[in-house]
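These are my notes from going through one structure.

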Amino acid sequence: DCARDLQAAPLSGSEDGLLLARCACLAGRYLTSLEAGQKVLNDDPHNLAGYYWQAESARNLAKLAFQRATSLNPSSWQGQLLLGDIYRQRKDWDAAVSHYNAAAQLKPTSAAAYLGLATLSWENGSFDQAEVSLNKVLGLDPENAQANLELGDINVRSHRFDEALPFLQ
């Protein structure tokens, strides 16, 4: 109720705006919270709490949008790819690999799933596995900057400097 009451009342200053942003976010009214945070930042661009509530609201809105998108088409390759990225960031390697593989099966012509697998392997020091996936990425997208960087890095770590140069350039 506080978010509704605050939204109806005239707000005076950053404190009222922050209170509305906090109440609205905690009540699940993320768009209201995002807008309140923006109003605070319009008045005071250095207000860290305004940035916090704006970021927290945006994170929650993005999460809801992702859940909605995946519920509309749970077997989409894009949803599988995003889930792979989420699990990779959480360091749940098995789940990430499973989702990246599912994305690759659903859309084998997309470099994105192979890049996810490669990055996961590269981050974990499994350079042989990463190299296989990176070569698939570059076969589909030769100009992919991240794949070129990671493959160049692997070659440097393996002291294959001449092989690294074209990727790094």
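This is a predicted model: local features need pLDDT of at least 70, side-chain atom pairs count only at pLDDT 80 or more; totals for chains, interfaces and linings use all residues.

Residues are numbered from 1 along each chain as its sequence is written, and side-chain values use heavy atoms, with hydrogens and water left out.

Arg 88 sits in helix H5, residues 77-89. Helices here are DSSP runs of H or I with at least four residues, numbered from the N terminus. I then listed what Arg 88 touches, setting aside neighbours within four places in sequence: Trp 93, Ala 96, Tyr 100, Gly 116, Thr 119, Leu 120 and Glu 123. Contact means heavy atoms within 4.5 Å.

**H5 against H6**

Two packed helices are described by the angle between their axes and the distance between the axes. For H5 and H6, the axes come within 8 Å and cross at roughly 160°. Axes are lines fitted to C-alpha atoms, for helices over the stretch in contact, and angles run from 0 to 180 degrees between N-to-C directions. The angle makes H5 roughly antiparallel to H6 (over 145 degrees counts as roughly antiparallel, under 35 as roughly parallel, 65 to 115 as roughly perpendicular and the rest as oblique). The crossing of H5 and H6 is left-handed, a term used if the near helix is turned anticlockwise from the far one by less than a right angle.

On the H5 side I noted Trp 77, Leu 81 and Arg 88 among the residues in contact, and on the H6 side Trp 93, Ala 96 and Tyr 100 among them. By class, this contact has eleven nonpolar, three polar and two charged residues. Ala, Val, Leu, Ile, Met, Phe, Trp, Tyr, Cys and Pro count as nonpolar, Asp, Glu, Lys and Arg as charged, and the others, Gly among them, as polar.

Most residues other than glycine have a negative phi. I found Lys 91 with a positive phi near 65°. Lys 91 lies in the loop between H5 and H6 (93-106) and is exposed, at a relative accessible area of 58%. His 159 is also not a glycine and has a positive phi of about 60°. His 159 is in the loop between H9 (145-157) and H10 (161-168), and is exposed at 61%.

**H3 against H4**

At what angle do the axes of H3 and H4 cross? I read roughly 155°, with the axes of H3 (residues 30-43) and H4 (residues 48-72) coming within 8 Å. That makes H3 roughly antiparallel to H4, and their crossing is left-handed. The contact includes Tyr 30, Leu 34 and Leu 41 of H3 and Tyr 51, Trp 53 and Leu 64 of H4. Its residues divide into ten nonpolar, seven polar and no charged.

I also noted the buried residues of H3: Tyr 30, Thr 32, Ser 33, Ala 36, Gly 37, Val 40 and Leu 41.

**H2**

The buried residues of H2 (residues 14-26) are Gly 17, Leu 18, Leu 20, Ala 21, Cys 23, Ala 24 and Cys 25. H2 is followed by Gly 28, whose phi is positive, near 85°.

Note on methods. Helices (H or I, at least four residues) and strands (E, at least two) are DSSP runs, numbered from the N terminus. Buried means under 20% relative accessible area, exposed over 50%, partly exposed in between (1.4 Å probe, protein chains only). The expected span of a helix is 1.5 Å times one less than its number of residues.
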